[in-house]
Amino acid sequence: MGDSAAEKNVRKILDHSEFTYENKRYKIITNEKPKPEPKTDFYILAKNLSDNSEKEFKISYKKIKHSFVENKIKPH
């Protein structure tokens, strides 16, 4: 599980800032922790500044010392 203090700090840093993704400029319009608690740690809804379309970004965060845990692993 992620570090909730770190998640809050990152959300505060991102706030409603602007960023570039795939050579397109976006402005964050929603920056929150999804509910109920999913794998996603950051849910960002951003507006494309050139055409006003919206794009969702779902980001999972893990501490370096924690390994990735795969769901529904089957034995081989």
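**Exercise 1. Contact range and overall composition**

Solution. Step 1: the model is predicted, with local features needing pLDDT of at least 70 and side-chain atom pairs counting only at pLDDT 80 or more, while totals for chains, interfaces and linings use all residues. Residues are numbered from 1 along each chain as its sequence is written, and side-chain values use heavy atoms, with hydrogens and water left out.

Step 1: a contact is a pair with heavy atoms within 4.5 Å.

Step 2: helices (DSSP H or I, at least four residues) and strands (DSSP E, at least two) are numbered from the N terminus.

Step 3: buried means under 20% relative accessible area, exposed over 50%, and partly exposed in between (1.4 Å probe, protein chains only).

**Exercise 2. Confidence**

Which elements have the lowest and the highest mean pLDDT?

Solution. Step 1: pLDDT is the predictor's confidence in each residue, from 0 to 100. The protein averages 81, and 70% of the residues score at least 70.

Step 1: among the elements, the lowest mean belongs to α1, at 82, and the highest to β1, at 96.

**Exercise 3. Strand pairing**

Solution. Step 1: two strands pair if DSSP finds at least two bridges between them. β1 and β2 run antiparallel and are joined by four bridges; Tyr21 has Lys24 in β2 as its bridge partner.

Step 2: Lys27 stands opposite Lys47 in β3.

**Exercise 4. The largest nonpolar core**

Which residues make up the largest nonpolar core, and what does Ile44 contact?

Solution. Step 1: a nonpolar core is a set of buried Ala, Val, Leu, Ile, Met, Phe, Trp, Tyr and Cys residues joined through side-chain atoms within 4.5 Å. The largest one holds five residues: Tyr26, Ile28, Ile44, Ala46 and Phe57. Two or more of these residues come from β2 (24-32) and likewise from β3.

Step 1: Ile44 lies in strand β3, residues 42-48, and is buried at 5% relative accessibility. Beyond its neighbours within four places in sequence, Ile44 contacts Leu14, Ile28, Thr30, Asn31, Lys55, Glu56, Phe57 and Ile59. For Asn31, 13 residues away along the chain, the C-alpha separation from Ile44 is 4.7 Å.

Step 2: with neighbours within four places again left aside, Phe57 contacts Phe19, Tyr21, Phe42, Tyr43, Ile44 and Ala46.

**Exercise 5. Charged side chains**

Locate the salt bridge of the structure, then state whether Arg11 is buried or exposed.

Solution. Step 1: a salt bridge is a side-chain nitrogen of Lys or Arg within 4 Å of a carboxyl oxygen of Asp or Glu. The structure holds one. Arg25 and Glu18 form it, with 3.9 Å between the closest N and O atoms.

Step 1: both ends are partly exposed, Arg25 with a relative accessible area of 37% and Glu18 at 42%.

Step 2: Arg11, in helix α1 (residues 4-14), is buried at 14% relative accessibility. Not counting residues up to four places away, Arg11 touches Asn31, Glu32, Lys33, Asp41 and Phe42.

**Exercise 6. Positive phi in loops**

What is phi of Asp15 and of Asn52, and where are these residues found?

Solution. Step 1: Asp15, in the loop between α1 and β1 (18-21), has phi near 45°, a positive value in a residue other than glycine. Asp15 is partly exposed, with a relative accessible area of 43%.

Step 1: Asn52 is in the loop between β3 and β4 (54-59), and its phi is near 65°, again positive in a residue other than glycine. Asn52 is exposed, with a relative accessible area of 53%.
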